[in-house]
Amino acid sequence: WFRDTERAERFSALAIAFGYALNAHCLLGTLANPKSHIGKYEHVDAKLAAEIKPLIGEKATEEVLKAPHRPVEVCRLLTRCLAEESLTPQIRARIDENIAFYSDFGGMCDRIQKTPMPL
């Protein structure tokens, strides 16, 4: 679908980075002390940066880390990458739909986090 292989690789890397960003977002939202889940890293941000920087580069990593909601920021970067590619309207609509699913999954995780657990 992508004619530019470099852009296709970037899009794929951003799609992978979404999973890491969602994981970091959930760790920050649920755990009082996420240290046991981040291993050698000092903070969840350091772990996220180490995971996504090789994938999406330093500039995009900084954008993600500055964002208040990192998964949404990755979706924004995916949308921006998609806008730079000339695709048929049908393919663009399908890919946009999948980016929206990513955003929806992030919202589902937020709702699960905020749901009180019955004791």
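This is a predicted model: local features need pLDDT of at least 70, side-chain atom pairs count only at pLDDT 80 or more; totals for chains, interfaces and linings use all residues.
User: Which residues make the contact of α5 with α6?

Analyst: On the side of α5 the contact is made by Cys75, Leu78, Thr79, Leu82 and Ala83, and on the side of α6 by Arg92, Ile95, Asp96, Ile99, Tyr102 and Ser103.

User: How many residues does α5 have, and which of its residues are buried?

Analyst: Helix α5 runs over residues 70-83, has 14 residues, and reaches 20 Å from its first C-alpha to its last, which is close to the 20 Å expected at 1.5 Å a residue. Its buried residues are Arg70, Pro71, Glu73, Val74, Cys75, Leu77, Leu78, Cys81 and Leu82.

User: Why does Glu73 count as buried, and which residues is Glu73 in contact with?

Analyst: A residue is called buried when its relative accessible area is under 20%, and Glu73, which has its place in helix α5, counts as buried because its relative accessibility is 12%. Leaving aside neighbours within four places in sequence, Glu73 is in contact with Glu63, Val64 and Ala67. Glu73 and Glu63 are 10 residues apart in sequence, while their C-alpha atoms are 7.6 Å apart in space.

User: Where does Glu85 lie, and with which side chain does the side chain of Glu85 make a polar contact?

Analyst: Glu85 lies in the loop between α5 and α6, and its side chain makes a polar contact with the side chain of Arg7 at 2.8 Å. At 4% relative accessibility, Glu85 counts as buried. Apart from neighbours within four places in sequence, Glu85 is in contact with Trp1, Phe2, Arg3, Asp4, Arg7 and Arg92.

User: Is His25 buried or exposed, and which residues does His25 touch?

Analyst: His25, found in helix α1 (residues 5-30), counts as buried at 15% relative accessibility. Not counting residues up to four places away in sequence, His25 touches His69, Pro71, Asp110 and Gln113, and the side chain of His25 makes a polar contact with the side chain of His69 at 3.3 Å.

Note on methods
Residues are numbered from 1 along each chain as its sequence is written. Side-chain values use heavy atoms; hydrogens and water are left out. Helices (H or I, at least four residues) and strands (E, at least two) are DSSP runs, numbered from the N terminus. The expected span of a helix is 1.5 Å times one less than its number of residues. Buried means under 20% relative accessible area, exposed over 50%, partly exposed in between (1.4 Å probe, protein chains only). Contact means heavy atoms within 4.5 Å. A polar contact is a pair of N or O atoms within 3.5 Å; within protein, one must be able to donate a hydrogen and the other to accept it, and residues adjacent in sequence count only if both atoms are side-chain atoms.
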